Amino acid sequence: MSLREKFEQIYTRAADRKGGEAALESLLSTPLSAEALTAIADDRWLAAFTQKVFQSGMSWKVVRQKWDGFESVFFGFDIEKLLLVPNEMWERKATDPAIIRHLGKVMTIPDNAYMIHRAAKEHGSFAAMVAAWPSDDIIGLWHYLKRKGKRLGGNTGPYTLRVMGKDTFILSQDVEAYLRSTGIIDGGRDTQRSLSAAQAAFNDWQQESGRPLCQISQIIAFSGGDNRI
């Protein structure tokens, strides 16, 4: 049984925990407009996906420190150039000391480059597809990234979307805990049933509040738990 609260109740609790409404508002993200999202070059999307893949299970600081090396070794993540790289060269690139040497993660780059290339052929650019994707089915975009891309399931894809400015909620530990405590989800986090229930709840809160999904997600996280947004 769902014990879903009105968004106003969640917001009031989050504001109380963060020192007032002004303090809470200062912590919230603002997504990019569709126009601004569409202007992002596809090579930046591939770079962002790659960075998040490498940050998964690794020190984010180390990945950031090595990032100039990644940009150099992988041609600035130029999609067309990377699609021409033969398999044996990928294996050599994976041993380059300028990057973090991890063959499995390096091999996500050609797969995700191809995903972006296919989307660009269909929609004009990968960014155009992302920008046009409706927020009331953001889990559909998550599913697209997981199915068409490589290692973009779980929170990797959603976190990349958030970083790039696409409006999305995140099933962080705090948000997931809240959804479970209120009975909105009760099964596996990544099952279609749980994702659909989470999407429906966020859609309702968005209609109530007029806020973007990312802010609703953050406010829920701030309303309890350890604030892993």
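Tutor: Helices (H or I, at least four residues) and strands (E, at least two) are DSSP runs, numbered from the N terminus. The model here is predicted, so that local features need pLDDT of at least 70 and side-chain atom pairs count only at pLDDT 80 or more, while totals for chains, interfaces and linings use all residues. Residues are numbered from 1 along each chain as its sequence is written, and side-chain values use heavy atoms, with hydrogens and water left out.

Student: How many helices and strands does the protein have?

Tutor: The protein has 16 helices and 0 strands, and its C-alpha trace spans about 55 × 35 × 35 Å along the principal axes. Of its 229 residues, 49% are buried, a term that means under 20% relative accessible area with a 1.4 Å probe, protein chains only.

Student: Which residues of helix H13 are buried?

Tutor: In H13 the buried residues are Thr156, Gly157, Pro158, Thr160, Leu161, Arg162 and Met164. Because 7 of the 9 residues of this helix (residues 156-164) are buried, H13 is largely enclosed by the rest of the structure. Just after H13, Gly165 takes a positive phi of about 105°.

Student: What do the buried residues of H13 pack against?

Tutor: Contact means heavy atoms within 4.5 Å, and the buried residues of H13 pack against helix H3 (34-38), helix H4 (42-55), helix H11 (126-132), H12 and helix H16 (213-222). Helix H16 holds Cys214, which counts as buried because its relative accessibility is 1%. Leaving aside residues up to four places away in sequence, Cys214 touches Ser29, Pro31, Arg162, Asp167 and Thr168; Arg162 is one of the buried residues of H13.

Student: At what angle do the axes of H10 and H12 cross?

Tutor: Axes are lines fitted to C-alpha atoms, for helices over the stretch in contact, and angles run from 0 to 180 degrees between N-to-C directions. The axes of H10 (residues 108-123) and H12 (residues 138-148) come within 9 Å and cross at roughly 125°. The two helices are therefore oblique to each other, given that angles under 35 degrees count as roughly parallel, over 145 as roughly antiparallel, 65 to 115 as roughly perpendicular and the rest as oblique.

Student: Which residues of H10 and H12 meet?

Tutor: From H10, Met115, Arg118 and Ala119 meet Tyr144, Leu145 and Lys148 of H12. An α-helix has 3.6 residues a turn, so residues three or four places apart point the same way.

Terms used. Buried < 20%, exposed > 50% of the residue type's maximum accessible area, 1.4 Å probe, protein only.
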